[in-house]
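Please look at the sequence and the structure before reading on.

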Amino acid sequence: MPANRAALPLVPDKQDQVPRLERFRATHPDVPVLLMGTRPTAWVGGQKIEHPTLRGLLDELEEIFPPDAQARHAGAAQ
């Protein structure tokens, strides 16, 4: 996963979102999140979701997959 970190521009907002992104990826490995290019992008159910910032993309993904549901999903997988 270090390659994903290298793709993040050195903008403080994005750097503090890396742990949040890693938690989301661990909980939802079936949801591709790409950081290459100008806008962070994810695909949910075949739908492309883009946002100008990683924080905004993660906010949007958390609306679709609430964090409390993520915790339940992670607990069930163990």
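The open sheet has three strands in the order S1-S2-S3, with antiparallel pairing. Strand S1 (33-34) and strand S3 (47-50) stand at the edges with a single partner strand each, so one side of each has no neighbour in the sheet. The model is predicted: local features need pLDDT of at least 70, side-chain atom pairs count only at pLDDT 80 or more, and totals for chains, interfaces and linings use all residues. Residues are numbered from 1 along each chain as its sequence is written, and side-chain values use heavy atoms, with hydrogens and water left out.

**Terms**
- Strands (E, at least two residues) are DSSP runs, numbered from the N terminus.
- Two strands pair if DSSP finds at least two bridges between them.
- Strands of a sheet pair through backbone hydrogen bonds, either parallel or antiparallel.

**S1 and S2**
- Two bridges join S1 to S2, and these strands run antiparallel.
- Val33 stands opposite Ala42 in S2.
- S1 and S2 form a hairpin with six residues between them, and Gly37 in the turn has a positive phi of about 95°.

**S2 and S3**
- Strand S2 (residues 41-44) is joined to S3 by four bridges, and the two run antiparallel.
- Trp43 has Lys48 in S3 as its bridge partner, while Val44 stands opposite Gln47 in S3.
- Two residues lie between S2 and S3 in their hairpin, where Gly45 in the turn has a positive phi of about 55°.
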